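Hi there,

Here is the structure I promised to pass on to you. Have a look at it first, and then read my notes below.

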Amino acid sequence: MSHLSERPEKPVVGVSMPHESASLHVTGAALYTDDLVHRTKDVLHAYPVQVMKAHGRVTALRTEPALAVPGVVRVLTVADVPGVNDAGMKHDEPLFPDEVMFYGHAVAWVLGETLEAARLGAAAVEVELDELPSTLTLKDAIARSSFHGINPVMVAGDVDAGFAESAHVFTGEFEFSGQEHFYLETHAALALVDENEQIFIQSSTQHPSETQEIVAHVLGCSSNEITVQCLRMGGGFGGKEMQPHGFAAIAALGAKLTGRPVRLRLNRTQDMTMSGKRHGFHAEWKIGFDAEGRIQALAATLTADGGWSLDLSEPVVARALCHIDNTYWIPNARVEGRIAKTNSVSNTAFRGFGGPQGMIVIEDILGRVAPLLGIDPMELRERNFYQQDQTTPYGQLVTHPERISAVWEQVRANGGLTDRKREIAAFNAAHPHTKRALAVTGVKFGISFNLTAFNQGGALVLIYKDGSVLINHGGTEMGQGLHTKMLQVAATTLGIPLHRVRLAPTRTDKVPNTSATAASSGADLNGAAVKNACEQLRGRLLQVAATQLGAGAADVRIVEGFARALGSDKAVAWDDLIRTAYIQRVQLSAAGFYRTEGLHWDIKKFQGTPFKYFSYGAAATEVEVDGFTGAYRIRRVDIVHDVGDSLSPMIDIGQVEGGFVQGAGWLTLEDLRWDTSDGPHRGRLQTQAASTYKLPSFSEMPEEFNVALMENATEEGAVFGSKAVGEPPLMLAFSVREALRQAAAAFGPAGVSVDLASPATPEAVFWAVQAARSGEVRREDLPLDGGEIPARPIALSHA
Amino acid sequence: MVAAHITVNGKVTPISPAAPHTTALDFLRERGLTGSKEGCAEGECGACSILVARPGVDKPTDWVAVNACLAPVAALDGQEIVTSEGLATPGAPGKAPTLHPVQEEMAVRGGSQCGYCTPGFVCSMAAEYYRPGRCAHADGAEGTEAQVGGDSEHGPNGFDLHALSGNLCRCTGYRPIRDAAFAVGAPAEGDPLAQRREQSAPDAAVTEYAQDDSVFLRPGTLSGVLEVLRERPEAVVVAGSTDWGVEVNIRSRRAECVVAVDRLPELRELREESDHVEIGAALTLTEIERRLDGRVPLLAELFPQFASRLIRNSATLGGNLGTGSPIGDSPPVLLALEASLVLAGADGEREVPLADYFTGYRQSVRRPGELIRAVRIPLPLAPVTAFHKIAKRRFDDISSVAVAFALEIEDGVVAKARIGLGGVAATPIRALATEAALEGKPWSTDTVEAAAQVLQAQGTPMNDHRASAGYRSAMLGQSLLKLYAQTTEAVSS
């Protein structure tokens, strides 16, 4: 067992406990960025001047009418920027644009004594525009070759030879939607000017260090003049990895220019119309199978809708390519990635970060071709699982491939699948208007940032004279329970009870140069850094205790707040130990650091070992579809997920359940619709509010929902044997989509291949049911070597 | 007149200097009670949920959860509210507060992750916790195992999950929240909020709250309201403000004069006569639902599908009909029930059949100065009724299409058919051609399939973000086929 993964006696990690802020959450005492406004004097409120056209050049911007509105203090424009007019890391994202790139793009910001004054001021600003042609859809972008950023190609084996040797070859096309983050807390920042013109920014950000960096370059100052703090976020899901920076920069600029605190909080409509979302993708593919249904070759081109600027689209596409294999061995592959440039918001990170978009392609293919191959979908998936010593198309050895089938088999057993499939068949035979189906899908998700440099974490741990411990680390808390886990890691490493440890809010002046809390890596990176800091402290304290106990330091253990030498009852209490250490002038603070070992990635060759390990999981979902309307219910879900040896089981189960339901929302319900007409509102997001963009509610929750964590699942390469958990469970929701596909198929003749739109709304399912009933694509209609699956336009074009 | 004030968590708080359009949510937050959050500002997410003491159905007072983002604070003049901060019992100085039982269950079961939606969930859950007659067992039930009487939407402790249908959580996937809801017991002896239910709720204050150029008015009588409407025809009439609140927040509308009618006694009666039921236009949908208790089955089928419990606690039939939206959920049902409206004006009252009420998109025969006082539903009711709402989401969504049926089938023949449609035209409409295609015909596959073709062609459905026109049309026909299947097949599950 590795040093990193080893657990000491009576560890606090592994104990099931609620979120560390649970009591504050339920009483409303927990503070979020915008709650601070009401505790701050003389705050100015910022409001955007949004231009409601998809594309155009700004020819005039008149701010005088706004300044005439009572309560308006200042209008921020490009002329006010002392540094670089850029809100991103790619220099393609002007903070104050002179070209409107999407419907709702903000070109200026108004500061007012009240939000109402700022709003009225923003409405009074006059903007003149030379309208330009706009590209809105992926199909249009592809037709016009409107692309930006990298164009990676992943090659494994010999794809042409693979197709030549295949018994069945299919081709197809698939376009699927993105997803709005809909964190309950919209983007928010509050900037204050300290003495000496330094700026302190409270920001709802997953990436305080980058927020700091961008504010500094906008203000034209050094990073040491800017401090960013994130108390906690009301949800992030990736939407606050890159997107908060510009909003923080506006607040900081306003504070610097007026000397007063400036608050910026987007309302829901502004948030939905201005901030980026999960990338929707278009996929074109060709796949070959041998006679037994084993994949021989895959060729595909994935095109992501990047929106108007690059933001994180390049690494998102890279991760999509790295996950098109999911749990299946593809010996010969050629997969190309492209980023479409469109006149829409700049799409960004969202839980899974391209992984879901890669995986859905292969899962969709398998779901569509299984009936045409005459193989049960579950069986088809099993036949293609990775085995020992096989590598991914990007050249990484798949470690622990046996876990793919282990979680799969456990889900089959836990869910009583054999009996239930029989019951479902009987139900369907007796119900002409209602059909049920059960589908199982698995997940293999690579853990680590693709870009090796990001795989580092830092921490600062302080022990005070009274024995209390305060930890700081670079990760942010957005509900995922990172802080809870970090408290457990610190208490475990130091050998003290949990209540002696507190955690300070994330601040850039405590731990510098942190990576985003993203890529599911928060606990891996920051946990190892906290552990490292605590180990330094423990090493010093063991020396102190050894002297007191008359033993060698190597024989001393600190357990539950008492230091003892092995084989002796003599004990030194923690508080006494700390007091002694202080008097002996032993340093009681330590900076911890961690870098993930063994990573290598060549983006140009698209080969390497970008991931420290893989997370695995499997889900079995049963749905019921109403043939009259396409409406459906999720009757039961069984999940087995691999989180290594869990650091905090209640937290991890919460991540699995929440990720699954969020994934099900993306795949079934959440419907981003833009006005693609040539009318006056071309480019407008039509589903820009909770009333039109529907998230899963209680009615979408599985009626029976069983989640189990894989047992005896130690991961050698991560802190205390645990694994990352934030993103992978989202992709377990493919089982919902595949179950819906199979239920739709059950309305038609045997062997029908069902094309299902994504999201699979009731309407989309209804059209799939209708198509199945008509027996549109059936095995017996195809030549034996497979063939072209007719690309049926998605259901909505039936109108 | 006493200066406008609210009792917040037991503390009397003046409303001034808030602007008359200020929402209760902004008012609370500006006074440092930041537990209530803004997630959507349109009554869809419930992060702003608070408890209000209202006249009760089974006890003198009910604790009712409402969306603080929609209610103007002035509408709560003289009322008592409790927020998530007020549910916990404060500890000794420097000590943590004692959590309320619903807070405790939410906290220990992992019901909060990011915590932003949590205070709102806690308030919605507390309202259901205090609902009289909730507990299946006097001592409250423990555990979450499905017990007799429990299902996935109703706990063994009598907890109705629809109480949380207006609260959204983006983190948890809801399972731990459901576990918490199904685990709460009965209020303990001496629970102050439980005791508060035994005294009457605060009376409606007569309010005239003016700041700068705008005013919020709550006259005490119907004649007082009619007088205001005569003098200020531009005044915006509100009951629960569930529509007006959205206009204020999302479309930034402001009104010089807003008149509240939700507590007028004349608009709050529910009477069952021999030949009709009369429902006051300002009764909330929750009050109607509880007081009718299933006696109008078609309404009973409608209510759980009408927005969320948070909205139904404020929204009224008068409001749903008064805004005249073509996608309101009550008009199709009331059309099928052949309801009529009692309109009150300065010259007295008149009764208008609902079928004649709507004249165009958000337009009606209601004259300036007139108010909907009540809805009358004739008796006896048709024996076969159904309400089919087509929407993306089952809880709390706006319908793409809504179809309500009220049929009399005698000896296998359709004696009478009334069908109300929403979402297929500029107004809610009766499906007259389909009714004609059914009446006098045998209730058979042939009749229904032919009539479904007729129904499918009714109205002029459109393409929008909720549904395609093709789907909307298809759903009209499908709804009749589904009704036929339900009435003729022994539907087993």
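**A sheet in chain A**

Chain A holds an open sheet of 4 strands with mixed pairing, in the order β19-β18-β17-β24. Helices (H or I, at least four residues) and strands (E, at least two) are DSSP runs, numbered from the N terminus, and two strands pair if DSSP finds at least two bridges between them. This is a predicted model, in which local features need pLDDT of at least 70 and side-chain atom pairs count only at pLDDT 80 or more, while totals for chains, interfaces and linings use all residues. Residues are numbered from 1 along each chain as its sequence is written, and chains are lettered from A and ligands numbered from 1 in the order in which they are written.

The edge strands of chain A's sheet, each pairing on one side only, are β19 (501-503) and β24 (589-595). Strand β18 (469-473) of chain A runs parallel to β19(A), joined to it by 3 bridges. Along this pair, A:Ile471 stands opposite A:Leu503 in β19(A).

**Where the chains touch**

Which chain gives 64 residues to the contact, and which gives 69? Chain A gives 64 and chain B gives 69, where two residues are in contact if their C-beta atoms, placed from the backbone, lie within 7 Å. On the side of chain A that touches chain B, the elements giving two or more residues are α1 (22-27), α8 (268-274), α17 (649-668) and α19 (762-773) of chain A. Of these, α17(A) gives the most, with 7 residues.

Happy exploring!
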